[in-house]
Amino acid sequence: MSTPRVYVIHENPEWFPPLAAAFEAEGVPVQEILLTEGQIDLAAEPEPGVYWSRMSASSHTRGHEHSKEYTRAVLGWLERAGRQVVGGSHVLELEVSKVAQHGLLRAAGFDVPRTTAVFGTTTLKQSAATFTGGQDVPFITKHNQGGKGLGVRRFDSLAEFDAYVDSPEFEAPVDGITLLQEYLVAREPFITRAEFVGGEFVYAVRVDTSAGSFELCPADACEVPQIIAGAVCDVPGTDGGATETFSVRAEVTADHQLVRQLRGFLADQRIRIAGVEFMETTDGRTVVYDINTNTNYNPAVEAVAPASGPRSIARFLGGLLDAEYAAAAAHA
């Protein structure tokens with residue numbers, strides 16, 4: 001067996017360099033497990049160390065249609081062997097299902113968007129009519145297995161939605177589940193993403209939405225044009241452009257009531273690394289609508305934030321690794 005280290009399970013090499021730099025800076029040995037192909041000997045013992053899964057719900061958009069299934073197999077193997085896994089099987093199932101996220105958040109008492117999950121396409125148009133009460137009021141769609149704003153579109157009328165469903169532009173969700181969701185109007189044109197590492201609050205990110213885009217991934221690799229309801233909206237960058245898409249929301253601290261509630265929720269669900277998104281609406285609601293368990297960090301935010309997300313992760317996982325070393329030494 002090799003020297004214990006932190007193993008990072010993922011499928012997108014473009015997202016890894018900032019994390020690798022953070023582990024190096026903290027002096028924590030790290031190794032990638034890139035689950036785009038490979039194999040496991042089911043009779044073998046996994047290498048000693050701490051395993052962190054950051055598999056993404058959007059992996060299929062990068063040609064890695066089966067990576068989530070690979071991860072399910074690997075996590076089960078690790079957990080049966082008693083290895084310490086951060087972001088284990090139960091977290092993966094949340095990452096790939098907004099239905100599951102919605103249910104847990106609602107059961108925990110958070111205000112969540114009114115949502116209907118539609119299976120397949122046969123009843124989509126009728127379901128939309130039922131959802132809106134037959135009225136032409138704004139609503140949005142999104143994919144149950146999402147990430148990167150997949151399938152998120154605004155519709156202002158049932159006729160517009162029906163035409164979209166019947167058109168070549170229709171985006172079929174990878175798992176066949178389309179969500180119909182109430183359209184929320186933000187009090188100001190931004191949403192907030194609260195970052196947690198090791199169950200503790202790191203910082204909150206203000207994400208500008210004035211350009212109308214639903215592509216809210218903070219990583220540099222995500223800064224691409226996004227098609228929303230047939231129109232191309234350029235996502236503003238963070239290189240000194242007119243609009244700063246991502247910035248620190250300094251007034252949201254660890255003592256913020258919602259942050260405290262989210263910290264307790266994440267602890268209850270055994271989610272130790274996540275970014276949780278919420279919106280404050282014109283009618284006074286604070287709506288929580290998304291849990292990102294493979295959270296990425298924006299370099300412009302990192303440059304001015306009170307703490308570093310990647311460095312916090314490296315320290316947290318390094319601490320778990322030190323505990324593994326100590327336990328092994330005591331056993332020996």
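This is a predicted model: local features need pLDDT of at least 70, side-chain atom pairs count only at pLDDT 80 or more; totals for chains, interfaces and linings use all residues.

Reader: Let us begin with salt bridges. How many salt bridges does a search of the whole structure find?

Author: The idea is to look for a side-chain nitrogen of Lys or Arg within 4 Å of a carboxyl oxygen of Asp or Glu. Here, the search of the whole structure finds 18 salt bridges.

Reader: Which residue forms a salt bridge with Glu26?

Author: Arg315 does, and the closest N and O atoms are 3.0 Å apart. This pair links distant parts of the chain, 289 residues apart. Glu26 sits in the loop between helix 1 and strand 2, while Arg315 belongs to helix 9.

Reader: Is Glu26 buried, exposed or partly exposed?

Author: Read the relative accessible area. Buried means under 20%, exposed means over 50%, and partly exposed is in between. Glu26 has 23%, so it is partly exposed. Arg315, at 43% relative accessibility, also counts as partly exposed.

Reader: Which side chain meets Glu93 in a salt bridge?

Author: That of Arg72, at 2.9 Å from N to O. Glu93 lies in helix 3 and Arg72 in helix 2, so the pair ties together parts that are 21 residues apart in sequence. Glu93 is partly exposed at 34% relative accessibility. Arg72 is partly exposed too, with 31%.

Reader: Now Lys98 and Asp290. How do their side chains meet?

Author: In a salt bridge, 3.0 Å from N to O. The two residues are 192 places apart in the chain, Lys98 in helix 4 and Asp290 in strand 15.

Reader: Are Lys98 and Asp290 buried or exposed?

Author: Both Lys98 and Asp290 are buried. For Lys98 the relative accessibility is 16%, so it falls under the 20% cut-off.

Reader: What does Lys98 touch, leaving out residues up to four places away in sequence?

Author: Its contacts are Lys142, His143, Asn144, Gly146, Gly147, Leu179 and Asp290.

Reader: Which residues are linked in a network of salt bridges?

Author: Arg187, Arg249, Glu251 and Glu280 are.

Reader: Next, cavities. How does one find empty space?

Author: Rolling a probe the size of a water molecule over the atoms shows where empty space is left. This structure holds six cavities of 30 Å³ or more. The largest cavity has a volume of about 80 Å³.

Reader: Last, a helix. How do I read its sides?

Author: An α-helix has 3.6 residues a turn, so residues three or four places apart point the same way. Take helix 6, residues 158-165. Its buried residues are Leu158, Phe161, Tyr164 and Val165. They cover an arc of only 125° around the axis, which puts them on the same side of helix 6.

Reader: What do the buried residues of helix 6 pack against?

Author: They pack against helix 5, strand 6, strand 7 and strand 8. Strand 8 also supplies at least two residues of the lining of the largest cavity.

Technical notes. Residues are numbered from 1 along each chain as its sequence is written. Side-chain values use heavy atoms; hydrogens and water are left out. Buried means under 20% relative accessible area, exposed over 50%, partly exposed in between (1.4 Å probe, protein chains only). Contact means heavy atoms within 4.5 Å. On a 1 Å grid over the protein atoms alone, a cavity is a set of points where a 1.4 Å probe fits but cannot get out, and a pocket is an open set with protein on both sides within 12 Å along at least five of seven lines; lining residues have an atom within 4 Å of a point. Grid points are joined across faces, edges and corners, and a volume is the space filled by probe spheres set on the points. Helices (H or I, at least four residues) and strands (E, at least two) are DSSP runs, numbered from the N terminus. The arc is that of the directions from the helix axis to the C-beta atoms.
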